[in-house]
Structures are given as structure tokens and as C-alpha cells.
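I looked up a few places one by one and wrote down what I found at each.

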Amino acid sequence: MKRLEGVVRPYAWGSRVAIAAMQGRPVPSAHPEAELWFGSHPAGPARCVGADGAPHTDLLTAIDADPVDALGSSSVSAFGNRLPFLLKVLAADEPLSLQAHPSSAQAREGFERENAQGLALDARDRNYRDPWHKPELIVAITPFDALAGFRNPHETVRLLRELQVSELDPYLGMLVGQPDSEGLRALFTTWLTLPESAIKLLVPAVLAGAVEQLGTRSSDFAAELRTVLELGEAYPLDPGVLASLLLNRLHLEPGEGIYLPAGNLHAYLSGTGVEIMANSDNVLRGGLTPKHIDVPELLRVLDFTPVEPDELVVPIRTIGAERIYLTPAPEFRLSRVELDGTGLLYASSICFDMPGPQILAVLSGAVEVRSPSGTVMSVTAGQAAWIADSDHDVVVRAASSRAVFFRALVPAAVEH
């Protein structure tokens, strides 16, 4: 077992407070801090810290040195000599781009195709940087807002009519005449491929309609209208502003989570959460970004099947101090564990004896991780513990009056 120091990713949409405050550093931070990575992804492997407190390697190097010892034979058999998940703390002060992720088959085919075309892995116009899919789960730490999945077309028709924008009429007719996945595909494709001259007319008209509606009438779509105004202010000539009108607007309270499978168009808007995903860097963007957008490839990947918000919310199973978020992803399982250092209210310790690799990311308080040999490792908020497959009967104990951490493991290794 090792203590991990995560890698901060300084994307422009990040918070200057959330991650720094979690780690006990001065706030605001000098630059936006968007994500804190605990994993072995080559773009930012977590640092392994020795008993003397000095970093002596990184998690990618440690796993590569002995994959079976680190991951276990079941995980290696299923996913190869790589940690199959990436665990993050995500802190958004501004909206992320509209994006979707490919299925396994789409990722393999796209990666091989772009390799054959001679595209460098770091090329700006590259879509597939590896051959793996990227299902993901986000669990809110603070109140968290997102757009995810195409809304029921009948509800979207009601929203567009409520705006009372004449410039929308030709597009509204496309969905009224075909209120299903094909109608959504047609309307989304049309909006994403409009010439700039049309965008310059349509987006301001929609924003004006949203202002009018919010200012003079009550609305069932107040959150959606406020969101389109915020996006329109940040990206005034981006067709993604229009596309946001087609998606479910979700609000998560702390502890709630949503699962996003392949093909789900989504954008995180604001808040802090714990995110876990299959260990991939494949993203197809659909707007609200200056980065590369490949419309034909995005359309090939997207799933336009309407989805109800409740279908995205992840069910939870509680076992003692552990709340397990249930998803179909074979690469990861995430749970939240809360321990009581006083021993008065709930469990003060928990024993982990499961095959496969595990990462425990501490969000508040501190824990002690003890091996059967007597080795004790202290892990505080903003750090994580790495438990290899070869680390058996590890006991985690609260080292503060209250300690909260998220536990990531490989269910395929456990169920083998």
C-alpha cells in the first residue's frame, strides 16, 4: 500500500477554492484548479509517497513494475496490464464543453482508423487517443448542476414554444413532426451545422426570448432558461447554446450521482464532485469550447434516444458505513465511506479484503490505513491510499472525529 498525491489539472473552467481548501492550502489558488487525478493515466499519474514523506515514484511506474502484484490476475486478464479506471475530484466554476464518449467498438475502430491516417496522438484534430471506451459516474460533493441526455421531445417542444421566438418556428416544426430520436438527430444536426450568419440571428433571438420569459411569466423551465442565458453569455456564437435546449437539466444534491454511458451528450455546469471513469482520454465535443469539434464523428457516436432524468440517477446500496453506487461498468465501482473517530455514532473502522486494486480518496478528515504486518499509513483530506491486489486484510480507521473517503475498485476482479 502507498499514499498517493494527486495531480492537479489547471483547466480554465476550474475552481480557485474547492481543491485548495480540501487540501488545506491557501485560497484562492493562483490559477483555476479543475481536476485532481488519482490514477495511473499517462497524462497525469498520481505520485506515490514513501514512509519518509518523499515522492519516490508514480503509480503508473509502480504498476508497470509488477502488474499482477499491483492489479491481480483477474484484472490483468480482463483489462491488461493497466489500471482500468481513473478517479478524480472535479471542481467546476464554469461550464465544461458539450461532449460524449464512444463505445468500446467505436473507440477501437476510430483509434485504428486515425492511426492508419498517420495522425499523431497529440494532434489537435485527433478524436481517438486510445482504443478504450469511457463510461463515467459523477457523485456530487456540493450541489452540482449538469446537462445530460436528450430530453423527452414532447417536453422540448413545450420549452421551445414557451420561448415564443418566431425565428425558432422552422426548427420547432422539425421536432413537432417527428417527436422521437430521429427528430432529435435532425434538429441537433441542423443546429450544429448552421452557418455563422444564421447563428448570429438565432442565438440572440433565443436569449432575448429567455429573458422575456423569465422576466414576465412563471415557467416550468426556469432552470433551463437561466442555463441557456449563462451559456449564451459565455459562448455567444456557439451552436452548443442551442443544443443545450435539447438536453435534460439536472441538479444533484451532495451524495447523489449520475451514470453516463457511451453516446450520452452531456456538460457539467457547476459544482464539485467525485468522478470515476474507464481509463481513457476519448472525447467527442459538440460545442461550448474552442477545441476541435468533428461533427460527423460526433453524430456517429451520439445516442439520440430520449432519456428521463431519473434514468440517469444511480441507485445506491448501503452496507454498514459504505454507500455503493451501482452501475453496469465492469472497470469500476465507486462507494462513499464515512467513519466516526469517536465510535459513538457509526463505525470507526472498516476492513477491506477484496481482490484487485483499490484507491481510497479522502475528502475530509483523516484516516489511518493499517496492514496485517503492522505498517500504518496516515492519509489526510486531498490525498489517497493505493491498495494493491497483494495487500490483504487492510484496515482503515478514522484518525479524526469524522472521516469521509471514496473507494474505487474493479468489480470484474471481485466477481471473477
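Which residues is Val395 in contact with, leaving aside its neighbours within four places in sequence? Taking contact as heavy atoms within 4.5 Å, I found Ser349, Ile350, Cys351, Glu368, Val369 and Arg370.

Before going on I note the ground rules: this is a predicted model, in which local features need pLDDT of at least 70 and side-chain atom pairs count only at pLDDT 80 or more, while totals for chains, interfaces and linings use all residues. Residues are numbered from 1 along each chain as its sequence is written, and side-chain values use heavy atoms, with hydrogens and water left out.

**Entry: Val395 and its sheet**

I placed Val395 in strand β22, where helices (H or I, at least four residues) and strands (E, at least two) are DSSP runs numbered from the N terminus. Val395 counts as partly exposed because its relative accessibility is 30%; on this scale buried means under 20% relative accessible area, exposed over 50%, and partly exposed in between, with a 1.4 Å probe and protein chains only. From Val395 to Ser349 I read 6.9 Å between C-alpha atoms, although the two are 46 residues apart in sequence.

I then looked up the open sheet of four strands, whose order is β17-β22-β19-β20 with antiparallel pairing. Its edge strands are β17 (349–352) and β20 (376–380), each of which pairs on one side only; two strands pair if DSSP finds at least two bridges between them. Neighbouring strands of this sheet are turned by 20° against each other on average, direction ignored, with axes taken as lines fitted to C-alpha atoms (for helices over the stretch in contact) and angles running from 0 to 180 degrees between N-to-C directions. Strands β19 (residues 366–370) and β22 (residues 394–398) run antiparallel and are joined by four bridges, and Val367 has Ala398 in β22 as its bridge partner.

Next I turned to empty space, for which rolling a probe the size of a water molecule over the atoms shows where it is left. On a 1 Å grid over the protein atoms alone, a cavity is a set of points where a 1.4 Å probe fits but cannot get out, a pocket is an open set with protein on both sides within 12 Å along at least five of seven lines, and lining residues have an atom within 4 Å of a point. Grid points are joined across faces, edges and corners, and a volume is the space filled by probe spheres set on the points.

The largest pocket holds about 1,000 Å³ of space. Its lining counts 48 residues, of which Tyr11, Asp281, Val283, Arg285 and Lys291 are the closest to its centre. Among the elements that give two or more residues to this lining are β3 (35–38), β6 (85–92) and β12 (266–278).

How do the side chains of β3 point? Glu35 and Trp37 point one way and Leu36 and Phe38 the other, and all are buried. In a regular strand the side chains alternate between the two faces of the sheet. Strand β3 pairs in the antiparallel sense with β2 (residues 7–9) over three bridges, Val7 standing opposite Trp37. It also pairs with β6 in the antiparallel sense, over four bridges, and there Leu36 has Val89 as its bridge partner.

**Entry: the cavity**

I found one cavity of 30 Å³ or more, and the volume of the largest cavity is about 40 Å³. Leu147, Glu224, Thr227, Val228, Ser244 and Leu245 line it, and helix α10 (residues 222–234) gives the largest share of that lining, three residues.

Where does Pro28 lie? I found it in the loop between α1 (18–22) and β3, and the peptide bond from Val27 to Pro28 is cis, with omega near -5°.

Two residues other than glycine have a positive phi: Gln164, near 55°, and Leu288, about 60°. Gln164 is in the loop between α6 (153–163) and α7 (169–177) and counts as exposed because its relative accessibility is 59%. Leu288, in the loop between β13 and α12, counts as buried because its relative accessibility is 1%.
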